[in-house]
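Colleague: I would like to learn how to read contacts that involve aromatic rings. Please take me through them.

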Amino acid sequence: MPDDVRARQRTGTGLGLLLTLVLAAVLLTALPDGDREGGGACPARAVGSWSADRRLTGEFARYGDDASRADDWTGGDGSHSVRLPDGRLLWLFSDTYLGQVHAPPNPVGESYAWRDTTAPLVRNSAVVMRDGRLRSTLPAPLFPDPAPNRWRWPVAAQVEPRSPGSSEQVVRVLLWVRTAGQSPWIYGVPTATEVATLSLPDLRVESVVPVLDQQWVADPSRRVLFGTTLVREGGWTYVFGGDDGQAASRPASSAYVARVPAGRLAEPGAWQYWNGSEWAAGAVPRTVLGDGVGSAFSVVRADGTYVLFTMAAGAKGLTTVTSYWACSPTGPWHGPTRDFSPALPDGQVAAYNPQVHPELSGDGRLVLSYDVNWLDTGGGAAAQLSRNVSLYRPRFVALRLAPAR
């Protein structure tokens, strides 16, 4: 692959994921009503109130601007988190800038902290937080490329026993594998879902296990990658995933769900997929929410109700988060419900990848992050993200749910 093409793909920094979310249009899949797994009636839920979480947003700005090291995180997207047994919080990111940040003014005289355009960009990274303060960046990339022109993006993660019944714990990290491709797949062709195992407490990558290979699916827009969010409930881990419908002829992505017995994420044979009517091993996944979400969304269970957060439909998908609710992971899903538009920096930017962080939530308060990127597919995004390093970092809001109207 020519170097200029490879560079253009790498400096897209998540824009393929962003555009999947931005171009979403709402069309709920027709699914029969009635109780499914998850029990009977549950209260309808929507966002009741929200406010910016300036402390968390500011902590990532502080850490990213710290120029004392030349090999740590200075910005990234695909923000996910998991609480470790010793109290630390592990943050996982997809495309990530490393290197140093320089104090303002930037080279064009603007009052922004900035980085050199030659700063390293890696496909994934991990940052450790303790007591609310970011402390260190693990050697990056944490998950090496599986093959030339193929890379791994980490998504949701959880701590579980090394094997069922074991007292030893490990971290399981879901990985999305993508392969370099041509238009409309300039940000990577969906390829496979994997599960990585990290040792504790040293967070060393021990193994990576393929879970669902999608290369046999001829239409890349129908390939499903799992792990955008995890929900533990009733002895199961529910693993949600999405396709890349917007990259082809379909207007948006769809949501899917699998389930795995608690503690067995790294066992491909233990996975069961919702096929539209039942759970089955080796089944072809069927959508539970059609053409209403981006490929990166988040689900949380609150007061017996499953709530899914995603970017809103149409042009509002540039700025606005909305939600759906259901009494079961398989639906039927209801919505969209009340929208909210979190703060964005000035410029040609967009929000994407809303993610709830249960580790930071409690007492009815949910902490949700969203990523920000420069909205330019013509190759100018990388320059903008370097001249103003604050753009390409997660931002946070605190929200409370209320009865949906």
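**Rings and their partners**

Modeller: Arg-259 lies over the face of Trp-236, 3.8 Å from the ring centre. A charge counts as over a ring if NZ of Lys or CZ of Arg is within 6 Å of the ring centre and within 35 degrees of the ring normal. Arg-123 is placed over the face of Trp-151, also with 3.8 Å to the ring centre. The model is predicted: local features need pLDDT of at least 70, side-chain atom pairs count only at pLDDT 80 or more, and totals for chains, interfaces and linings use all residues. Residues are numbered from 1 along each chain as its sequence is written, and side-chain values use heavy atoms, with hydrogens and water left out.

Colleague: How is a pair of aromatic rings described?

Modeller: By the distance of the centres and the angle of the planes. Rings of Phe, Tyr and Trp (its six-membered ring) pair if their centres lie within 6.5 Å; planes under 30 degrees apart are stacked, over 60 edge-to-face, and the rest tilted. The count by this rule is 16 aromatic pairs.

Colleague: Is Phe-60 buried or exposed?

Modeller: Buried means under 20% relative accessible area, exposed over 50%, partly exposed in between (1.4 Å probe, protein chains only). Phe-60 counts as buried because its relative accessibility is 0%. Trp-91 is buried too, with a relative accessible area of 0%. Another edge-to-face pair is Trp-274 with Trp-279, at 5.4 Å centre to centre and 65 degrees between the planes. Both Trp-274 and Trp-279 are buried.

Colleague: Which residues do ring pairs link into a cluster?

Modeller: Phe-60, Trp-73, Trp-91, Phe-93 and Phe-396.
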